[in-house]
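Colleague: I am new to this one and would like to learn how to read it. Could we go through it together, feature by feature?

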Amino acid sequence: MQIVVPEGQEYWIELAKHFEQVASAQQQQQYSSSSGMSFTTGLLLGQLSVVLLVIVCFKYLLLEDVRYGRKPRSFSNRGVSIPAPPTKPSLPSTTTILNKTFYDVYDHTPESLDWMTVLMAQAIAQYRDDSKVNNRLIKALAEALNGGVRPDWVGHIRVTELNLGEDFPVLSRARIRPADQPAGSVRAEIDIDFNDQIMLGIETSLLINWPRPRIAALPVSLVLSVIKFQATITMQFNTIDGQQHISISTLPDFDLEFGVQSLLGARTKLEDVPKVTDLITSKLRGFFIDKCVYPNGRDIAMPTFWAKRDIYAKSQSSNNIAKQQ
């Protein structure tokens, strides 16, 4: 800004210069203030535009609209082919499993099971100790023997003695061998050797029910013991009613020895009658053969991870059918 003053007046000239300096300082201050404001505004607008761009890209490139459902994804651009899931799951054959595990059922050397023998011995020792608490095992046996399976000509049974032994079974010679049935299957064979004395003592009476019920009774005291058991135990997977089971049995060439002590009579007692010993031994062996010797055995259902899910799916299906009806 130029200020014109009359010539010869020095005072007014100095005053005009002063006003020019003040005006110039104000203009510089206004320019610097406006420059600072424009820089801050530009920085904020730039940051805001970047944030908006990221949000738009995330929404339209990664997210989907839930109102229209999920669209199937394709990996064709990557050159990756995804095989269609099989309609019916199939297990690998026994030959495939043996090849992938490098096991020859004919030439493979039997394996020692010392580690399993030790673990099983620890478990048996714990069970023996637990059974002694409050005579819980004796009480459980008494309830089982006096249950619904007791015939009417046998009186009340009292357990007088129970001894689970002190030694432990020894497992050895584990091997995989071809099974008899079904064709192409295999089974595990394990030798077991148990020499101890597991003892059970009972007292009861044989009731004479003719010509009228309970006309007389014959007191009987028995002590049964398992002295020796040597056998080959087999384990094999089988499918029963669509569910996987493990079948456990004993091969016929087993060695099972019993000990029987008997005492019959009230006033006159007969001790260790041979006929009674032979009868009880044959019955026990026959029961063991019918329940445990191959081809008979015990089938144990294998646990499945999908049991609860299948039950829930069946219940949901039943509820849907009921609602439709």
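Modeller: Let us start with Leu-52, which sits in helix α1 (residues 10-62). Helices (H or I, at least four residues) and strands (E, at least two) are DSSP runs, numbered from the N terminus. Before we go on, a word on the source: this is a predicted model, where local features need pLDDT of at least 70 and side-chain atom pairs count only at pLDDT 80 or more, while totals for chains, interfaces and linings use all residues. Residues are numbered from 1 along each chain as its sequence is written, and side-chain values use heavy atoms, with hydrogens and water left out.

Colleague: Is Leu-52 buried, exposed or partly exposed?

Modeller: The general idea is a cut-off: buried means under 20% relative accessible area, exposed over 50%, and partly exposed in between (1.4 Å probe, protein chains only). Leu-52 has a relative accessible area of 47%, so Leu-52 is partly exposed.

Colleague: Let me step back to the whole chain. How many helices and strands does the protein chain have?

Modeller: There are 6 helices and 8 strands. Starting at the N terminus, the order is α-α-α-α-β-β-β-β-β-β-β-α-β-α. Of the 325 residues, 20% count as buried. The accessible surface of the chain comes to about 25600 Å², and 59% of that belongs to carbon and sulfur atoms.

Colleague: How many salt bridges does the structure hold?

Modeller: A salt bridge is a side-chain nitrogen of Lys or Arg within 4 Å of a carboxyl oxygen of Asp or Glu. The structure holds 7 of them. In one, Asp-196 pairs with Arg-128, and their closest N and O atoms are 3.9 Å apart. This pair links distant parts of the chain, with Asp-196 in strand β3 (residues 186-208) and Arg-128 in helix α3 (residues 114-131), 68 residues apart. Both Asp-196 and Arg-128 are buried.

Colleague: Which residue meets Asp-191 in a salt bridge?

Modeller: Arg-173 does, at 3.1 Å from N to O. Asp-191 lies in strand β3 and Arg-173 in strand β2 (residues 170-178), so this pair ties together parts 18 residues apart in sequence. Asp-191 counts as buried at 16% relative accessibility, whereas Arg-173, at 43%, is partly exposed. For another example, take Asp-255 and Lys-228, whose closest N and O atoms are 3.4 Å apart in a salt bridge. Asp-255 belongs to strand β6 (residues 255-264) and Lys-228 to strand β4 (residues 216-240), so parts 27 residues apart in sequence are tied together. Salt bridges that share partners also join Arg-173, Arg-175, Arg-187, Glu-189 and Asp-191 into one network.

Colleague: Now a helix, please. Which residues of α5 are buried?

Modeller: First, its length: the expected span of a helix is 1.5 Å times one less than its number of residues. Helix α5 (residues 274-292) has 19 residues and reaches 27 Å from first C-alpha to last, close to the 27 Å expected. Within α5, Val-276, Ile-280 and Phe-288 are buried. Seen down the axis, the buried residues of α5 fall within an arc of 95°, so they line one face of the helix. That arc is taken from the directions from the helix axis to the C-beta atoms. On the other side of α5, Pro-274, Lys-275, Leu-279 and Asp-290 are exposed.

Colleague: What covers the buried residues of α5?

Modeller: The cover includes β4, β5 (243-250) and β6. This rests on contact, which means heavy atoms within 4.5 Å.

Colleague: And what does Met-199 touch?

Modeller: Met-199, in strand β3, is buried, with a relative accessible area of 14%. Leaving aside neighbours within four places in sequence, Met-199 is in contact with Glu-161, Leu-162, Asn-163, Val-223, Leu-224 and Ser-225.

Technical notes
Accessible areas come from the Shrake-Rupley method with a 1.4 Å probe; for residues, only the protein chains shown count as cover.
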